[in-house]
Amino acid sequence: GPARAEDPPAQAAAEPLAAKVQLVVPAGAQAGPDFDVERATQAWVETLTPEQRARSKAYFEGGYWLQLFSFLYELALAFVFLFMGVSARMRDFANRVATNATARTAIYALLYVPVASVLAFPLTWYSQFWRQHHYELATQTFGPWFGEQLVGLAIALVLGALLISVLYAVFRRTGRAWWLWGSGVGMGFLVLTIFISPMWIDPLFNDYKALPQGPLRDRILSIAHASGVPADEVYWFDASRQTKKISANVAGFGSTTRIALNDNLLNRSSAESIEAVMGHELGHYVLNHIYEILVYFAGIVVIGFAGVAWAFNYAVARWGARWGVTGITDPAGVPLLGVLFSIYFFLLTPVMNSIIRSNEVEADRFGIATSGQADGFAMVAMQLAEYRKINPGYWEEVIFYDHPSGSNRVRSAMQWKKEHLPVTAPPP
């Protein structure tokens, strides 16, 4: 057909996919005979203006209160579902419509997911739309954003109905051991979701394309092959339609593993930074972090189900008659299960964050070592400080950070630089 105005020539289409930003190393971080790790770290941190640091501090610390408020909001939703009888009425409706137990559970789930989403929408709008725009991190107008919320709701309906139906089928068949079998179902479902996301879920929100031929792609694949990663493609995706944040990720596992970087990283970061970031993402793959996280998470889920089983039985014995919940095989108890897990994971926040953060530290070291781009890594750490407070206190980082803080990431990069790069003075 005829060429449309928005169809650029192939060369123009590839043009944004070459790094346009130059790496500039601040004076205090340049190699020399008197190179000092702390001074170099501070020099990088000071590339951020006081306004930028104040803004990211306000955004990130506001996130602490948002976590607390989100938790309290979940408690309030559970109150609506249980004490106001909403869950029991949805269960009664499902019982009238179907005779098969699994069909009843599925109908309940198809009612519960959208009702819960609608009740949660004010907080979703505030945290994911208004707040992102307020801090100038979002690029999406309300219409497209709301459209993506509807896509997310459709996915939640399918996956939620599947999970709840399978869980309750298992609960009905396993008696008092329901919590142990339930944890197996929960882990199986998590594995399934991670496996299918790169191929079937992520592309519903963004276009993923192979990085065009060029020096950047060659260098990334060279780092991959030197690390033993069997990659023949590097992907990029159009996150700029939603956000200004730079990012990259390793998604999926096994045959669906995909390493991707977003167009914000490509357009806003130097080639050295991109190499360092991709080295970091390859580190997650090489160090088997996805499998390590799954092992940790399996233990967390089993312990969680054991604790939730005790709390569930206690709550039903005390308030079950008032709620209209008869026991673990009754789907009307879904909101109770949900809120008990919310309490568990809220209390576990520092543990979960520390598990993930330790992997991020390992991937940082791997990325700097394999790319050799200590300054590129420091530069991108400063860009990430747009939405991560740069200098937290020790306990603040332990509790709230699922990545190392920007200052600690720069410090590790500068330590590597001190140990590996020539520090002789440049010729006059």
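**A guided tour of the predicted model**

Select Asn-249 and look across to strand E4, where Ala-260 stands opposite Asn-249. The model on screen is predicted.

Strand E3 and strand E4 (residues 258-262) run antiparallel, and 4 bridges join them. Between the strands of this hairpin there are 6 residues. Gly-252, in the hairpin of E3 and E4, has a positive phi near 75°.

In what order do its strands lie? The order is E1-E2-E4-E3, in an open sheet of 4 strands with mixed pairing. Strand E1 (208-210) and strand E3 (248-251) are the edge strands; each has a single partner strand, so one side of each is left without a neighbour in the sheet. From one strand to the next, the twist averages 35°. In a regular strand, side chains alternate between the two faces of the sheet.

Helix H10 lies across E3 and E4, and its direction makes an angle of about 20° with E3.

**Two loops**

Follow the chain out of H10 and select Asn-288, which lies in the loop between H10 and H11. What is the phi of Asn-288? Its value is near 55°, which is positive although the residue is not glycine. Then go to the loop between H5 and H6 and select Glu-136. Glu-136, likewise a residue other than glycine, has a positive phi near 55°. Most residues other than glycine have a negative phi.

**The second largest pocket**

Select Tyr-112, Leu-163, Gly-338, Phe-341 and Ser-342. Among the 36 residues that line the second largest pocket, these five lie nearest its centre. The volume of this pocket is about 1,600 Å³.

**The cavity**

The model has 1 cavity of 30 Å³ or more, and the largest cavity has a volume of about 40 Å³. To display its lining, select Ala-381, Leu-384, Ala-385, Arg-388, Lys-389, Ile-390, Pro-404, Gly-406 and Arg-409. Helix H14 (374-384) and helix H16 (406-420) each supply at least two of the lining residues of the largest cavity. Colouring that lining by class shows 5 nonpolar, 1 polar and 3 charged residues.

**The whole protein**

Finally, clear the selection and view the entire chain. How many helices and strands does the protein have? There are 16 helices and 4 strands. The radius of gyration is 24 Å, close to the 22 Å that the globule rule gives for 428 residues, so the protein is as compact as a globular protein of that length. Along the principal axes, the C-alpha atoms fill a box of roughly 85 × 60 × 40 Å.

Technical notes
Residues are numbered from 1 along each chain as its sequence is written. This is a predicted model: local features need pLDDT of at least 70, side-chain atom pairs count only at pLDDT 80 or more; totals for chains, interfaces and linings use all residues. Side-chain values use heavy atoms; hydrogens and water are left out. Two strands pair if DSSP finds at least two bridges between them. Axes are lines fitted to C-alpha atoms, for helices over the stretch in contact, and angles run from 0 to 180 degrees between N-to-C directions. Contact means heavy atoms within 4.5 Å. On a 1 Å grid over the protein atoms alone, a cavity is a set of points where a 1.4 Å probe fits but cannot get out, and a pocket is an open set with protein on both sides within 12 Å along at least five of seven lines; lining residues have an atom within 4 Å of a point. Grid points are joined across faces, edges and corners, and a volume is the space filled by probe spheres set on the points. Ala, Val, Leu, Ile, Met, Phe, Trp, Tyr, Cys and Pro count as nonpolar, Asp, Glu, Lys and Arg as charged, and the others, Gly among them, as polar. The radius of gyration is taken over C-alpha atoms; the globule rule is 2.2 Å times the number of residues to the power 0.38.
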